[in-house]
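Student: I have a structure to go through with you. May I ask where each label comes from?

Tutor: Go ahead. Here it is.

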Amino acid sequence: MTAESGQPPSHHRKPTARPGRRRRILSLTFAALFVAAILWVAHVDLEIRYYARHDQARSADAIAVFGAAEYDGRPSPVLRDRLRHALALYRQGLAPILITLGGKEAGDIYSEGGVGRDYLVAHGVPEAHIIAETHSDNTEQSVAALSLIAIKNNLHSIDVVSDGTHLFRIHELCKAYGLHVYTSPRPLGRPISEWDHFRRVAHEIASYTAWRLHLH
């Protein structure tokens, strides 16, 4: 230390990060995260589109129908179209058992699974050929319930029916629960707007991403 200044020699001073360099590092980090997010969304979107466009239905041990809204004991148009599609697969002889999934909203009397069972019975399916799950509140709970039904009934393969945009997430959830499934999108009863399609895909991307993040 010099007597004149009272400061340590310059070669002993601790180096300090330059503000400009810190800003560049932060900018590069945010840019990398942004690019990673875009690539992730693009990847999931491609998977959603693939499963929505490819009907994998084939001979299996059962056909499972994922629930949708019901109105005072009657299936909503979406649920009805899913049930019609499952019924068509059943009548083709692809599986001897139909499984309807879905609980009920708060204040409802009827469950989605129960309404699905009643619809299938009304269309000629023997009740003994239907398993109705009536307690699940969301897709993951429905898959967990389906897994228990598969174990209890010795089901090794299942055709799963839902909306096309829903099927990629269902497939990945089923795989995580050890289920071997083939996905089969229900035909659209009517054309949907681009905005409606965007909302459905955005919901699926967000839900799938949240599930994957939760796993880690």
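**From labels to values**

Tutor: Start with β6, which is mostly covered: five of its five residues are buried. This is a predicted model, where local features need pLDDT of at least 70, side-chain atom pairs count only at pLDDT 80 or more, and totals for chains, interfaces and linings use all residues. Residues are numbered from 1 along each chain as its sequence is written, and side-chain values use heavy atoms, leaving out hydrogens and water.

Student: What makes a residue "buried" or "exposed" here?

Tutor: Buried means under 20% relative accessible area, exposed means over 50%, and partly exposed is in between, with a 1.4 Å probe and protein chains only. In β6, Ile158, Val160 and Ser162 on one side are buried, and so are Asp159 and Val161 on the other. Both faces of β6 are therefore covered.

Student: Which strands pair with β6, and in what sense?

Tutor: Pairing requires that DSSP finds at least two bridges between two strands. β1 and β6 have four bridges, in the parallel sense. β6 and β7 (residues 181-185) have five, also parallel. Both counts meet the cut-off, so both are pairs. Val65 has Val161 as its bridge partner in β6, and Val160 stands opposite Thr183 in β7.

Student: What does Val160 touch beyond its neighbours within four places in sequence?

Tutor: Contact means heavy atoms within 4.5 Å. The partners of Val160 include Ala64, Phe66, Leu146, Leu167 and Ile170.

Student: What makes a set of residues a nonpolar core?

Tutor: Members are buried Ala, Val, Leu, Ile, Met, Phe, Trp, Tyr and Cys residues, joined through side-chain atoms within 4.5 Å. The largest such core has 26 residues; Val160 is one of those that touch the most other members, along with Ala64, Phe66, Ile99, Leu146, Ile158 and Leu179. Among the elements that each supply at least two residues are α1, β1 and β6. α5 gives the most, with five residues. A second, separate core of 18 residues includes Ile63, Leu83, Val115 and Tyr119.

Student: Why is Phe34 called exposed?

Tutor: Its relative accessible area is 57%, which is over the exposed cut-off, so Phe34 is exposed. Phe34 lies in helix α1 (residues 19-53).

Student: Which residues form a nonpolar surface patch with Phe34?

Tutor: Val35, Ile38 and Leu39; the four have about 420 Å² of accessible area together. That area comes from the Shrake-Rupley method with a 1.4 Å probe; for residues, only the protein chains shown count as cover. Nonpolar side chains (Val, Leu, Ile, Met, Phe, Trp, Tyr) are joined within 5 Å, like charges within 9 Å.

Student: Why does Asp72 count as exposed?

Tutor: Asp72 has 68% relative accessibility, so it passes the exposed cut-off. Asp72 sits in the loop between β2 (70-71) and β3 (74-75). Asp72 has a positive phi of about 50°, although it is not a glycine.

Conventions:
Patch = residues over 30% accessible without salt bridge, like charges linked within 9 Å, V, L, I, M, F, W, Y side chains within 5 Å. Salt bridge = Lys/Arg side-chain N within 4 Å of Asp/Glu carboxyl O.
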